[in-house]
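The notes follow the order in which I checked things.

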Number of protein chains: 2
Amino acid sequence: METTAKRFRKREAILACLQGTTSHPGAEWVFEQLKPQIPDLSLGTVYRNLSLFKEQGKIISLGTVKGVERFDANTAPHVHFICNGCGRVLDLAQIQVPTQLSDAAASSMGGRVDSCQLTFAGLCGACKTPYKEETP
Amino acid sequence: METTAKRFRKREAILACLQGTTSHPGAEWVFEQLKPQIPDLSLGTVYRNLSLFKEQGKIISLGTVKGVERFDANTAPHVHFICNGCGRVLDLAQIQVPTQLSDAAASSMGGRVDSCQLTFAGLCGACKTPYKEETP
DNA sequence: GTGTAAATAAGAATTGTTCTCAAACAGAAA
DNA sequence: TTTCTGTTTGAGAACAATTCTTATTTACAC
């Protein structure tokens, strides 16, 4: 029977959805993705569980892009690029934040550094050379 | 009469307020600061003008911290530290993001890098060692 | 004075997110 | 099986930050 996954926890589906994409989506996107498979999914459940995963450290928040909080199931420290054109968030896996920067940060303000986020913004390859956009 | 500047543009007051602080505030904070001097200031005006300044490049947005967008009139690239204890945002003027990182970012994704933000998070000196009393 | 375009106040509308609560569910115990 | 108990959920109300609308005010040119 095809009663496989649908009867089980939606929580797992939400985490799996995030783990199965590199698009650093927001809650709404996850909801839209899962809705066809899980028609009785509620947007509130998506928010609730994303929030839970964040607390548990299973996912991280990249902050809000254009008013929407974006998430990443890749919890390893890595660098991001936000396209101001299309809003996409890309991983820049090649780039590492030098550890001496973290050390310098900690010592320069006498506190403790728990995490760091390096984010570049600009235009991605596709948006850099766009089709001509007209205002009517 | 002391009706000198207050009857003139609120826009200027909003920018000046942001330029006169290092606290990386949000719209509400700016509004509260100016309200005593400009009693008929509207919160909408603060939002509108912050948005305008951002567009014009006169200020930058640090993104949202706990749901509130924070701004900085210091448009020179610099590093920030967010204290998870007290929520303050500090400048780490001593630290620079190596330019080769930006270059690497741009070339690795074939786009254009317009800005970068390096943000550390953790506990500031005060929050790291709480209740440390000074000698009386 | 009149005309005009920019800036504003006030608050309504919008939007992303959180909260409430009753119902559904999963698993343990009887 | 049936009952019990704590967990998860759907639906939508509530909320807060931000944006939008509109009528009014201002600055300035004529």
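For the count of elements I took helices as DSSP runs of H or I with at least four residues, and strands as E runs of at least two, numbered from the N terminus. The model I am reading is a predicted one. On that basis I find five helices and five strands in chain A, and reading from the N terminus I note their order as α-α-α-β-β-β-β-α-β-α.

I next looked up the totals for the chain. Of the 136 residues in chain A, 38% are buried, and the accessible surface comes to about 8,300 Å², with 53% of that belonging to carbon and sulfur atoms. Among the contacts in chain A that join residues at least 6 apart in sequence, I see that 49% link residues at least 24 apart.

I then turned to a helix pair. Two packed helices are described by the angle between their axes and the distance between the axes. For helix α1 (residues 10-19) and helix α3 (residues 43-56) of chain A, the axes come within 10 Å and cross at roughly 70°. Angles of 65 to 115 degrees count as roughly perpendicular, and α1(A) and α3(A) are therefore roughly perpendicular to each other. I recorded the crossing of α1(A) and α3(A) as right-handed.

Which residues make the contact? From α1(A) I list A:Arg11, A:Ile14, A:Leu15 and A:Leu18, and from α3(A) A:Thr45, A:Val46, A:Asn49, A:Leu50, A:Leu52 and A:Phe53. Sorted by class, the contact of α1(A) with α3(A) has seven nonpolar, two polar and one charged residues.

Key
Residues are numbered from 1 along each chain as its sequence is written. Chains are lettered from A and ligands numbered from 1 in the order in which they are written. This is a predicted model: local features need pLDDT of at least 70, side-chain atom pairs count only at pLDDT 80 or more; totals for chains, interfaces and linings use all residues. Side-chain values use heavy atoms; hydrogens and water are left out. Axes are lines fitted to C-alpha atoms, for helices over the stretch in contact, and angles run from 0 to 180 degrees between N-to-C directions. Angles under 35 degrees count as roughly parallel, over 145 as roughly antiparallel, 65 to 115 as roughly perpendicular and the rest as oblique. A crossing is left-handed if the near helix is turned anticlockwise from the far one by less than a right angle, and right-handed if clockwise. Contact means heavy atoms within 4.5 Å. Ala, Val, Leu, Ile, Met, Phe, Trp, Tyr, Cys and Pro count as nonpolar, Asp, Glu, Lys and Arg as charged, and the others, Gly among them, as polar. Buried means under 20% relative accessible area, exposed over 50%, partly exposed in between (1.4 Å probe, protein chains only). Accessible areas come from the Shrake-Rupley method with a 1.4 Å probe; for residues, only the protein chains shown count as cover.
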